[in-house]
Amino acid sequence: MSTPPEGTFTALRGQLQDAATAFADGPGALEGILRGIVDDVERAVREPLEIFPVCHHSPASALAMARRLREKQPKVVYLELCEDMAPLLTELRNCRLPVAVQAFASEIEGFPADWAPLSVVAPVTEASAEYQAIAYALDTPGVDLVLVDRSSDHVFQWETPPAADTGPDAPPADEESALHGDAVGVEIGDLRPRFAELEEHLLRHGRVRHWSEWWHQYVELPLGGSDHDTYRQVMLLIGSLFRRLAPGDQRRVRIDEDRERYMWTRMREHLAATGTDPADCLYVCGAFHAASRVAEFGVGGSDTFVISAPTPTKWRHGLIPSSHAAIEAQFGLAAGSVSIAATEWAKNLKRTGVRPYRLEGQAGTKKSSGPRKAAVPALPAAALPPADRLTGFLQRPPVLDPLDEAELLGWSVEIVRAARRGGYLASTADAIAVFETSILLAGMRDRVRPTPYDFQDAAVTCIEKEAVPGRRDVARLVEIMMGGDRIGQVGYDALPPLARDVHDRLAPLDLKLQQRGVQRALLDIAGRPELERCSDVLWMLRRLLPHGAARPIMGDRRLGERAIQESWDLALGTHQRALIELGYEGVSIEQVLEQRLRRAAYAPRATTAQVLEAVEDAILHLRSRRLADELGTRALEVLAGERSVDGAPEVLRRVRRLLAYYRTGEPVLPPWIESFVKTGYAHYCTLLPTAFTDEDATVRQVAAMLGFLFSMEGLALSLGCDRTQLELALAQSHPQEPSRTALLWAAQTHLGTLSRADLRARCEGLLGNPLVVPAYPRYLSGFVHALEPVPGLADLVVEAVSNAFARLPDPVLLPWLPTLITSLRAGGAELAPLLIREAGRVFPARLAELDSWVPPWRAPQEIPALRPRQAIGAPQGVALLAAHPATCDALAELLGCDGGWASPEAAAPRGAELLAGHPETATALEALLTAG
Amino acid sequence: MSDLLRAPAEIKYAEELDWLESVDDGPKPFSWRLSPKMVRLFVLGSERADGLDRDVSQKWFGDRSIVERAIVTLASDRGLLLIGDPGTGKSWLAELLAAAICRNSTQVVQGTAGTTEDHIKYSWNVSMVIAKGQSRESMIPSPIMTAMETGTIGRVEELTRSTSDVQDALISILSEKYISVPELDSDNIVFAQPGFSVIATANSRDRGVNDLSSALKRRFNFVRIPVVTNKKSEAEIVRFRTEELLRRHQIELDVPPTLLDVLLQSFADLRAASAAAAGDDEKLESALSTAEQIGVLEDAILHSNFFGERALTAHTLASSLVGSLARREPEDLAILNKYLHGVVEPRSKEEGGSWPEFLEGGRDAIATLS
C-alpha cells in the first residue's frame, strides 16, 4: 500500500467548498463538516498500516474483504473484537454459523453485585467481513490474527450498568430472538447515524422504511461491485459523516475514543514486539472508528493512553448458538435484514466470481468440490497510489442492476405458494398481481428494480386480506422466503466439558440430541438398568435448564420411589445456549447442581421451606447424604432465625416427607432432622399465640403450625420436648377472628381440654344465636382447615357443614359456598378426600334410605343418657374380678407374681410380699444408698 | 374557495390540482390526470427536496407506504379496498385519490342494508320507459357505470354494510369490466374505458356482518389503515381538520395548544384503558379514533362560540368529551367517571395547568347525565 501523494483530494475539496457556499449562506459550519470529512478520509488513506473499514452484516464489506485479502495477503490481521475472545475463534469451524462468541462471568468482583451474571456476545455470521478475515488468518500458514479491542472486562468497566432492556412495553421475545439471553452485544462495524434527525431525513428522502433498507439500497448495492479504493474511500466517508454529525453524547463519544486509543495502543505494542512491517498488516475495524481523530491514531500516534487493569472477575468463554433473528433483535435491525444480507452475499459471490474464505472443515457448509489449492498465489499488491475515487463516486448516479425479471417472477410465484401453504387464498392471479405491483411500487419509489422490501409491500397488498391470529402474516412469509431465519449450532468439539459430558452420558438413549426440535426419549429402566444413569442426568437437567429443555411426560421422581419406566421430551439442541452457560459454572452437572443448591440454601433471604427443598433435591438428584446433612443443618439455623409463619404449610409438607423417607430408608434418623423436629416444636409453640392473633398469618398457616406440632409430637416428646409447652401455648392463644377460634377449639379438642360434646354444644350455640349466625361460615372454614392438624375431627366437621346446609339462611350460606370450594381446592389432595370419605360414611348411599335416615348426631343422643352415671360409685370392676379370679391369676403368673388371688378382705401387707419374693431390687437400692 | 357547505376535494383543491397537472411531466397510466408520484405528492404534501415552486399541503396523515400501495393498486388491474376502524380517514383518502386521479370524487355508492343491485349497475326511468320503451335514454346509470363509461374512479362506501348479492354484483364489473344490459336488444353492453377502477371502503368493526365472498376478495387489494397512535401526527390531523372546520363555520376562535394537548392526552389514556380492559363492559363503546377527537373538539368549539364566551375552555372541552363518549348508560359513564377520578384528578394535582378545570367540567357533565 503506498501513500497517496499530497493533493489527491484537492479537487474534491474545492467542489465541496463551492457546494457549501451555495447551500449554506456562506462558508461556515457546513464547510467545516464537509472539508473535515475529506480530511478524515485522506488521513485514513495515508496511514501506512492499511485500515479496512467495514460495516456489520454487509455483504459488500465481506466481498471487498475477500478480494482485498486475496490481493494483499497480509501477514498480520488486526481485528476489532474483544481481545480475550481470541482462543475461541478456531473453534468456529466446529459450528454451524451463525454462532456467537461469549464471555461470561457469574462470580464478579469489582462490579456491583447486582450486575451478575455478566455476559458479552459477539455474533459471527458467514456473510460478514470479520468471518472472512478470521477464516483467512486461521487457515493461512504464517498469518497472525490479533484481536485488539478492549476485553470483555473493559466493556463493563467503561459502560454504565447493563440497563434492563426489556421495558414493560417490550414485546415478549420469541424463542429465536431470545437466543442471546440478556447478554450485552458487541459487534464489529456498528454503523448507523447517531443523530435521529439525520436518520429520519435519510429514510424520508430515500423513500425507504428503515435503516437496513436504506443501507441496502444506497450503500450495499452501489458498492457491490466496486474496486477496493472506491469501497474504502466511500466507507471512510460514511464513517466520518456519521461521526461528525453525531450529537455530543459525551459518555458515548468517550467510550468510542477510548476504544480507538486502546486498539491503536495494542497494535503499536504488537508491531514493536514482533517487528512486523506495518505495510504487511491489515486493520479491520468499523468505518466509524476508521475516521478517528484521537491523538493515538496511526502507527505514529502518541503513546499516552494507559490501559486500565482488568478487575479480578474471572471470565469464561464459549460459543453459543445464535440466529439471524437474535442478531436483528439485539442490534435493532429490521426483521429479516440479516437474512436478506445472507442471500445478497450468496448472490454477489455468484455474480462476481470472488472465492470467499471459509474455515477448513467448517460445519454446516457444503464440501467444496475438487481439491483446494494449497496456497493461493499472492497477487502483486497494487502498485499504483490510490487516486481520488470519491469524486467520481459521489457525482455518478448509483449504477443500479437492471431489472432481473426472472428473479422477480420467481419470487412472485414462490410467495404465492408459501401463502397457500400458510392458509391464504392465493392463486396464480395473485402472483401476477404481486409481480405487477412490485414493479409499479419500485417505479413510484424511483427504483429501476424492486428491492426485497418493495416486493414485501407488494405481496402484503395483493395477498393479505385479513389478519388471522396465529397465522403467519405475509410480511413474515416473505422474510422466510428470502432466506428465513438461520439458527446456528455449536458443534460437539466446541462445547464446554460439561455439555460434552451430558451428551456422552445421554448417548445410551440413541437420540440425536444436537438437533433442534423436541425428541421423545423412552427409558425402560426395568429392562435396561443402565438407563437409570441417563434418568439421573435428565432429572438434573430438568432442575437446571429452562422449562422445556427436558420435560418428563411419564415418570416422577419422589423421595423413596424408583421409576421403572420414564418418557421424556428433550429439546437440548433448542436450548443449547442454556446448556453451554451451565458449562461456565462447573465441569459436571452434579457439581453445578451442588453449587446451586448451596447457593440457594445460603442465600441471605432463604426461607426454611426453600432450604428443605434443597435438602430434598440433594437426596433426589445427588443421592448425597453428606450434602443433605449439611443443608439440613442450615435449615435448622434458618428456622431458628425465622419470625414469620408464612412458610409453615410448606415446611410441614416437606418435613413430613423427609421424615417418612428417613424412617423407611435409614436405620437411625439423621441428627439434623431430630434437632429440626425438636427446634420446630419449641419454635412453633413459641410463635403460636402470636400467630393466632396476627392478622398477617392466614388460617392455613396456623393450621400448618398446629399440624407440625401435633404430628411431630410423638418424636419431639421422645427427644425431650415438654408437652406442657404446647398446652401453655394453646392456653395463651386468644384469637378474635371466627375461623381461628374454630381452629383453637379443634386443637383443644385434640388435646382433651375440650370435649367433643362441648364442641358440639358450642356449634349449636352459634347456629342458634341470630347475632352470630352470619359469622358461622367463617367458623366452618376454621374447622375445615383444622382437618390438617386434627384429622380425627372429620365426623364433627361433616356434622358442622351439614348443619350449616340445613339451618343457615340462604343469604349467609350462598356467598360462602365458593369460599368453601376454593379453600378445599387450595387445601389440595389432603383435605377434600378426608371430608368426602367421612361424608360418605355418614350419609346414606341410596336415595330411598334418605327418607328414613336420621343423622348420627341426632340419633345417638340417648345412648350417653342410658349409660352414664349408673356406674359411678359402685366398684363394679372389683366385683367382677373377684367373681372370676382366673384371669388375674394367669396374668400374675406371667408377671412373675407368686401367690394366688386374695379377696379384698384378706389384703394385708401386699407390697411386702412382692418384696420378699424379689429381694434384688431392695438390695441394690441399699447398696446404692450406702455407697453414697 | 367555493361557497358550498362541504366542497368535494376536486373543487376545494381545484387550483392546486390544476397547477400540479401543469408541472407534471411523469408518465401517466391510462387516462389519469396526474402521474402516480404527483398523486402521492398531492395527498402527502410537498417538501423542499421535491423542488416545486409552491408548497402543497399535506391532506392525509399516515404512513407513506399506505398511500403508495393504494395508488399502485389503482394503476393495476384490481380494485382498492381500504379497511380500518371507523374514523381512521378511509373515506377521506378515497376522496383525495379519486380527486387527484380523475377530478371526480362524487361517483359514490353508499353501501347500506337497503342498497340493491340497481344502485351498483343501472335502473330505469319508469315514466320514460312507459312513454318510449326501454332504450339507453330511459336507462339511469349508477355512479359505478358512469365511472366505467368515462374511465374514471368509482367509489363504494361501507362495502360490507350491503348484502352479499349486492356485493357480488361488483365481481363481474371488476373482472370483466363491462355491464351487460339484457333488457336492450342492441347496444346492450357498457364497456369500461381505460382508467376505470373502484375504491371501496369497509369498516373493520363491521366484519362478519356481510363478509366479502372469496371471489370478491380476490378482485380487491386490501390496504389496512391503522388507527393513528402517533401523538405528533394525531395532533397535526386534529389541527388540520379543526382549522378547516373553523373556516367552514366562519368562526374566529383560538384553540389553545395546551387544550389540544389535554384532548390528545385524554384520548391516549382512554385508549390505553380500552386496550387493557377485559370485557366489552369495561371499555367505551367508541373506537376512540382521531375522527372522534375532531368531533369532540368541533362540539366544544361550536358550543363555546354560540353559547359560551367565544373562547374555548377546558371546562367546555371536558363536557363535550363526556357528552360524545358516553353512549351507554351506565357502562360508559362509569368508565369515564373512573377515568376522571383515577387519572385526571391525580394529574390535576400534580401538573395543574388546564387539568383542574378539565376535571371540574367532566364532573359537572357526568353529574348532569347521571
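**Exercise 1. Find what share of chain A counts as buried.**

Start with the rule: a residue is buried if 20 or more other C-beta atoms lie within 10 Å of its own, exposed if 12 or fewer, and partly exposed in between, with C-beta atoms placed from the backbone. Chain A has 932 residues, and 39% of them count as buried. Keep in mind that this is a predicted model, in which local features need pLDDT of at least 70 and side-chain atom pairs count only at pLDDT 80 or more, while totals for chains, interfaces and linings use all residues. Residues are numbered from 1 along each chain as its sequence is written, and chains are lettered from A and ligands numbered from 1 in the order in which they are written.

Next, count the elements. Helices (H or I, at least four residues) and strands (E, at least two) are DSSP runs, numbered from the N terminus. Chain A holds 40 helices and 11 strands.

**Exercise 2. Decide whether helix H38 of chain A is buried or in the open.**

Take residues 886–895, the 10 residues of H38(A): the number buried is 0, so this helix lies largely in the open. Then step past its end to Gly896(A), which follows H38(A) and has a positive phi near 85°.

**Exercise 3. Describe how H19(A) and H21(A) cross.**

Axes are lines fitted to C-alpha atoms, for helices over the stretch in contact, and angles run from 0 to 180 degrees between N-to-C directions. The axes of H19(A) (residues 531–544) and H21(A) (residues 589–602) come within 10 Å and cross at roughly 40°. That makes the pair oblique; angles under 35 degrees count as roughly parallel, over 145 as roughly antiparallel, 65 to 115 as roughly perpendicular and the rest as oblique. The crossing is left-handed, meaning that the near helix is turned anticlockwise from the far one by less than a right angle (clockwise would be right-handed).

Now list the partners. Val537(A), Met540(A), Leu541(A), Arg543(A) and Leu544(A) of H19(A) meet Ile589(A), Val592(A), Leu593(A) and Arg596(A) of H21(A). Here, residues are in contact if their C-beta atoms, placed from the backbone, lie within 7 Å. By class, these residues are 7 nonpolar, no polar and 2 charged (Ala, Val, Leu, Ile, Met, Phe, Trp, Tyr, Cys and Pro count as nonpolar, Asp, Glu, Lys and Arg as charged, and the others, Gly among them, as polar).

**Exercise 4. Work out which part of chain B meets chain A.**

Begin with the totals: 20 residues of chain B are in contact with 15 residues of chain A. On the chain B side, H3 (36–44), H4 (64–75), H10 (214–219) and E9 (220–225) each supply at least two residues. H4(B) gives the largest share, 7 residues. Sorted by class, this side of chain B has 7 nonpolar, 5 polar and 8 charged residues.

Finally, visit Leu97(B). Apart from neighbours within four places in sequence, its contacts are Val39(B), Val43(B), Ala70(B), Ile71(B), Leu74(B) and Ile199(B).

Key. Contact = placed C-beta atoms within 7 Å.
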